[in-house]
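Open the model in your viewer and keep the selection tool at hand.

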Amino acid sequence: MKSIQSNIKKAKKFLDKNHCVAVPTETVYGLAGNAYSSLSVKRIFKLKKRPMNNPLIVHYSDIDRIKDDCVINDNFVKLYNEFSPGPITFILKLKKGSKISKFVTNKQKSLAVRFPKHTLFKKLLKSLNYPLAAPSANISTKLSSVKASDVTEEFGARIKYVLDGGKCQIGLESTIINLLGKPTILRFGGLDVSKIEKILKKKVLIKTNSKKKVAPGQFSLHYSPGIPLRTNAKKPKEDEAFVLIKKRKTTFKNYYYLSKKNNLKQSAKNLYSLLRKIKKDGYKMIAVEKIQNKGIGKTINDRLKRASRY
Ligand code: TXA
Ligand code: MG
């Protein structure tokens, strides 16, 4: 307990000085900086090698803290009450006079907000008097980090501090919903779209491949292990690593398992680590067997599809 408090204090110290620190969330690790400080936000873009026109998500401890920064609407309140804190990001109207740095939003009039569930991150947010802009803690287009050691692998000594909160529970990024007009999903993620529709009592639009390139994964290559990957594979070619969703009776050195028994949640949690491991083990190509396109399987397939554009 004591060390948790002192780690949070350490993270706060760096953040107060406009440095970036990595933070654990229930989805993936974030690379956080003070969202009100342009210096801090520019450092995030530089570290990640992220194009400045790709806006960041801002993280808050609770609804009371967003009131100076964005305009709240009915759909937001419904979804917030049901799913926050949790793996959902809301696009809302940015308030005039908000202190959010213009680099966060690429001067757009909307703001992406999220309320993370991880206890450490929540405690950290409560100890600050500013919200945290945080993209996933990885070099742009690469695999997101789901463990503190992944973050260190990505950034080495260039990052001042990693707040270690263990392995991420969900393992894939948040679901993003645009609530400015008709509710529209911009990215599949940790929360099922069907659950959102149940609360809103209507179908939502799905625009995960917009040509405007304002949202995630809409830059063509994303979530890439850095080697070619193909999906819906029946069997591996020579020299390929083969990713499977359930254990086989006869197994080979190049077989890697996402779960023991075709479990989609477990597979989501293991996906990025497994792909990282395969690359580290020296493989030059990855084949992935067909994964059921339901529930979080949809998000897994979305990530694999984008990773296969290598
Ligand atoms: O689970 C997550 O959402 C993680 C954790 C750290 O919270 N964060 C994350 O951030 O995945 P990032 O930056 O890797 O992906 C967020 C995506 C960006 O690609 C960006 O295009 C989109 O959100 N985004 C941010 N602000 C937006 C806005 N105002 N309108 C539309 N899309 C936006
Ligand atoms: Mg990302």
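Select the shell around ligand 1. By class, this shell has 14 nonpolar, seven polar and four charged residues. Keep in mind that the model is predicted.

**Stop 1: the ligand shell**

In total, 25 residues surround ligand 1.

Now zoom in on the oxygen atoms of the ligand. A polar side-chain atom of Asn-54 sits 2.6 Å from an oxygen of ligand 1. For Thr-27, a polar side-chain atom is 2.7 Å from a ligand oxygen. Next, pick Arg-114: an N or O atom of its side chain lies 2.9 Å from an oxygen atom of ligand 1.

How much of ligand 1 does the protein bury? Taken alone, the ligand exposes 670 Å², and the protein buries 97% of that.

Switch to cartoon view. Strand 3 (57-59), strand 6 (110-114) and strand 10 (184-187) are the elements that give two or more residues to the shell around ligand 1. Strand 6 supplies the largest share, three residues.

**Stop 2: the nonpolar cores**

Hide the ligand. The largest nonpolar core has 74 residues. Select Phe-76, Phe-90, Val-104, Leu-111, Ile-177 and Ile-196, the members with the most contacts inside it. Then colour helix 8 (residues 264-280): the largest share of this core, seven residues, comes from there.

Centre on Phe-76. Neighbours within four places in sequence aside, Phe-76 is in contact with Ile-63, Ile-66, Phe-90, Leu-92, Phe-115 and Leu-179.

A second core is separate and has 16 residues. To find it, select Ile-8, Leu-15, Val-21 and Leu-128, which are among its members. As background, nonpolar side chains tend to be buried together in soluble globular proteins.

**Stop 3**

Most residues other than glycine have a negative phi, and most peptide bonds are trans.

Go to Pro-85, in the loop between helix 3 (74-83) and strand 5 (88-94). A cis peptide bond joins Ser-84 to Pro-85, with omega about 0°.

Move on to Tyr-223, in the loop between strand 11 (205-206) and strand 12 (229-230). Phi of Tyr-223 is positive, near 55°. Is Tyr-223 buried or exposed? Tyr-223 counts as buried because its relative accessibility is 3%.

Finish at Asp-239, in the loop between strand 12 and strand 13 (240-244). Phi of Asp-239 is near 75°, again a positive value. Asp-239 has 56% relative accessibility, so it counts as exposed.

Notes: Residues numbered from 1 in each chain as written. Chains lettered and ligands numbered in written order. Predicted model: local features only at pLDDT ≥ 70, side-chain atom pairs only at ≥ 80, totals over all residues. Heavy atoms only, no water. Near = heavy atom within 4 Å. Polar contact = N/O pair within 3.5 Å; in protein donor to acceptor, adjacent residues only side chain to side chain. Areas by Shrake-Rupley, 256 points an atom, 1.4 Å probe, with all protein chains shown as cover. Helix = DSSP H or I, 4+ residues; strand = E, 2+ residues; numbered from the N terminus. Nonpolar A, V, L, I, M, F, W, Y, C, P; charged D, E, K, R; others polar. Core = buried A, V, L, I, M, F, W, Y, C linked by side-chain atoms within 4.5 Å. Buried < 20%, exposed > 50% of the residue type's maximum accessible area, 1.4 Å probe, protein only. Contact = heavy atoms within 4.5 Å.
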